[in-house]
Amino acid sequence: MIVLLAAGIVAAVEYLQPERHLLQVLANAMFEYWVPSITLLSVVFVGVIVLAIFRNVYARRLHTHVLDRA
């Protein structure tokens, strides 16, 4: 399993080699404009957390509704 993981990492690095410059430009832009970057990342993470909570509540209500009908 470890050998497969190492081979996957090597293959991913080789596959992403042409995009390496693009990733470097993106990282430099994030550090140059760090306030908007942090704000955007915070909004995305808060959105993911809110969606997870919403999914949990909705699934619980749906499960309760299905059990009540049975």
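Me: Under which definition do rings of Phe, Tyr and Trp pair?
Reply: Rings of Phe, Tyr and Trp (its six-membered ring) pair if their centres lie within 6.5 Å. Planes under 30 degrees apart count as stacked, over 60 as edge-to-face, and the rest as tilted. This is a predicted model, in which local features need pLDDT of at least 70 and side-chain atom pairs count only at pLDDT 80 or more, while totals for chains, interfaces and linings use all residues. Residues are numbered from 1 along each chain as its sequence is written, and side-chain values use heavy atoms, with hydrogens and water left out.

Me: How many aromatic pairs does the structure hold, and is the pair of Phe54 and Tyr58 stacked or edge-to-face?
Reply: The structure holds one aromatic pair. The ring centres of Phe54 and Tyr58 are 6.3 Å apart and their planes lie at 15°, so the pair is stacked.

Me: What separates Phe54 and Tyr58 along helix H3?
Reply: Helices are DSSP runs of H or I with at least four residues, strands are runs of E with at least two, and both are numbered from the N terminus. Phe54 and Tyr58 are four residues apart in helix H3 (residues 34-69), and therefore the separation is about one helical turn.

Me: Are Phe54 and Tyr58 buried or exposed?
Reply: Buried means under 20% relative accessible area, exposed over 50%, and partly exposed in between, with a 1.4 Å probe and protein chains only. By this scale, both Phe54 and Tyr58 are exposed.

Me: How does Val66 of helix H3 count in terms of accessibility?
Reply: Val66 has its place in helix H3. Its relative accessibility is 48%, so Val66 counts as partly exposed.

Me: Why does helix H1 lie largely in the open?
Reply: Helix H1 has 14 residues (residues 2-15). It lies largely in the open because the number of its residues that are buried is zero.

Me: Which radius of gyration does the protein chain have?
Reply: The radius is taken over C-alpha atoms, and the globule rule is 2.2 Å times the number of residues to the power 0.38. A compact globule of 70 residues would have a value near 11 Å, but the protein chain has 21 Å.

Key. The expected span of a helix is 1.5 Å times one less than its number of residues.
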